[in-house]
Amino acid sequence: MAAVDSFQFLYREIARSCNSYVETLALVGALYTASKAAVLLRDCYILVKVHFLPRMIQGKKLAQRFGEWAVVYGASEALAKAYAEELARQGISIVFVSQDHITVRDTAASLSQSYGVETVVVVADVTQGQVAGKPVRDALRGKDVGFLVNCVDESLAFPQSLIEMSEQALLDMVNKNVAAATLMTRLVLPVMVERSRGAVVNISSGACCRPLSGRVALTASAGYLDHFSRALHLEYGCKGIFVQSLIPFQVASSERSSSSVDGWLVPKPEVYARHAISTLGISHRTTGYWPHTLQYGLMRCIPEWIWVLGSRALLSSS
């Protein structure tokens with residue numbers, strides 16, 4: 001074997017033999033970069049289309065597009081209450097379905113006085129099944145119902161491991177967030193299908209995007225509501241029913257917020273509702289608020305195994 005006494009000669013020989021591989025790798029790198037750029041442009045386009053254009057371009061009024069009445073379940077939650085107020089501000093009359101008739105009654109009276117819309121309060125425990133169906137059907141009879149708003153109940157969602165939760169608390173959470181929302185949809189949907197128009201809005205939680213320690217039941221319930229919305233749209237979208245899954249992150253002055261401080265990333269419920277309602281009829285699955293959409297995009301970039309390791313590290317340090 002001849003000795004190689006020139007580095008330049010050795011380099012040229014290696015480069016010549018690897019030239020084809022370098023070109024292939026360069027092509028793969030260019031394709032990968034182009035695909036990522038295309039995804040980024042697509043996400044930017046969707047962000048503008050969903051969150052900015054609807055707020056700049058005024059379309060048809062909600063009552064004309066969907067109907068004159070809305071059914072709101074879970075109005076004791078700050079987000080559902082704010083969403084109902086935004087609907088009322090746009091001239092939509094509200095039917096509140098709730099067990100807590102005192103809080104809801106005050107909200108209904110306030111909306112009627114402030115916006116001049118009709119409000120009806122139906123006291124019904126939807127988790128009891130068919131017994132609760134009759135007063136709801138009676139309240140909807142003869143009304144042009146165009147909206148159903150279900151909101152996940154986080155009143156029992158403080159951090160707690162599954163075995164630390166009492167059996168009754170676990171059943172209450174599943175009933176309120178899974179059974180009740182599904183049954184309310186079953187009760188209201190026939191009225192919309194009969195008129196071939198309507199919107200079902202399920203407000204779940206950004207907790208469904210990633211597993212959270214201490215909130216097993218909440219993440220599972222929110223995940224159900226999110227998947228239920230997508231499946232419902234697949235089944236009834238062709239019949240004129242628009243189904244939207246809202247997955248908000250932290251919102252100020254609500255049970256889901258760990259801080260009462262509001263700001264750019266933590267909006268007040270009324271600010272969030274104003275942004276979210278502008279996406280109605282535009283996007284079937286959205287955070288409803290563009291800074292939350294940026295948060296969701298960043299969260300998607302983190303592999304789940306890294307997320308799990310980080311969560312465990314934070315849990316062990318606390």
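**Note on the predicted model**

1. Lys 143 is placed over the face of Trp 69, 5.0 Å from the centre of the ring. The coordinates discussed here belong to a predicted model, and the points below should be read accordingly.

2. The sheet is open and consists of 7 strands with parallel pairing, arranged in the order β3-β2-β1-β4-β5-β6-β7. At its edges stand β3 (119-123) and β7 (285-286); each has a single partner strand, so one side of each lacks a neighbour in the sheet. Helix α4 (residues 101-115) packs on this sheet, where α4 touches β2 (93-98) and β3. The direction of α4 makes about 170° with that of β3.

3. Of its 6 residues, 6 are buried, so β5 is largely enclosed by the rest of the structure. Gly 198, Val 200 and Asn 202 point one way from the strand, while Ala 199, Val 201 and Ile 203 point the other way. This may be set beside a general rule: side chains in a regular strand alternate between the two faces of the sheet. In β5 the residues pointing either way are all buried.

4. The pairing of β5 can be followed on both partners. With strand β4 (residues 145-151), β5 pairs in the parallel sense over 5 bridges, and Leu 148 stands opposite Val 200 of β5. With strand β6 (residues 241-246), the pairing of β5 is likewise parallel and extends over 6 bridges. Here Ile 203 has Leu 246 in β6 as its bridge partner. Between β5 and β6 the chain passes through helix α7 (residues 216-236), and this β-α-β crossover is right-handed.

5. Which strands does α7 lie across? The helix lies across β5, β6 and β7, and runs at about 165° to β6. Strands β6 and β7 pair in the parallel sense over 2 bridges, with Ser 245 standing opposite Arg 285 in β7.

6. Together with Phe 52, Trp 264 and Trp 290 form one aromatic cluster. Trp 290 counts as partly exposed, because its relative accessibility is 23%.

7. Helix α8 has 7 of its 10 residues buried, so α8 is largely enclosed by the rest of the structure. Pro 269, Tyr 272, Ala 273, His 275, Ala 276, Ile 277 and Ser 278 are the buried residues of this helix.

8. Is Pro 159 buried or exposed? The residue is located in the loop between β4 and α6 (167-195), and counts as exposed because its relative accessibility is 56%. Pro 159 and Ser 213 are 54 residues apart in sequence, with a C-alpha to C-alpha separation of 7.7 Å. Leaving aside residues up to four places away in sequence, Pro 159 touches Gly 214 and Arg 215.

Key: Residues numbered from 1 in each chain as written. Predicted model: local features only at pLDDT ≥ 70, side-chain atom pairs only at ≥ 80, totals over all residues. Heavy atoms only, no water. Buried < 20%, exposed > 50% of the residue type's maximum accessible area, 1.4 Å probe, protein only. Helix = DSSP H or I, 4+ residues; strand = E, 2+ residues; numbered from the N terminus. Pairing = 2+ DSSP bridges. Right-handed = clockwise from strand over helix to strand, strands pointing away. Phe/Tyr/Trp six-rings, centres within 6.5 Å; stacked < 30°, edge-to-face > 60°. Lys NZ or Arg CZ within 6 Å of the ring centre and 35° of its normal. Contact = heavy atoms within 4.5 Å. Axes fitted to C-alpha atoms, helices over the stretch in contact; angles between N-to-C directions.
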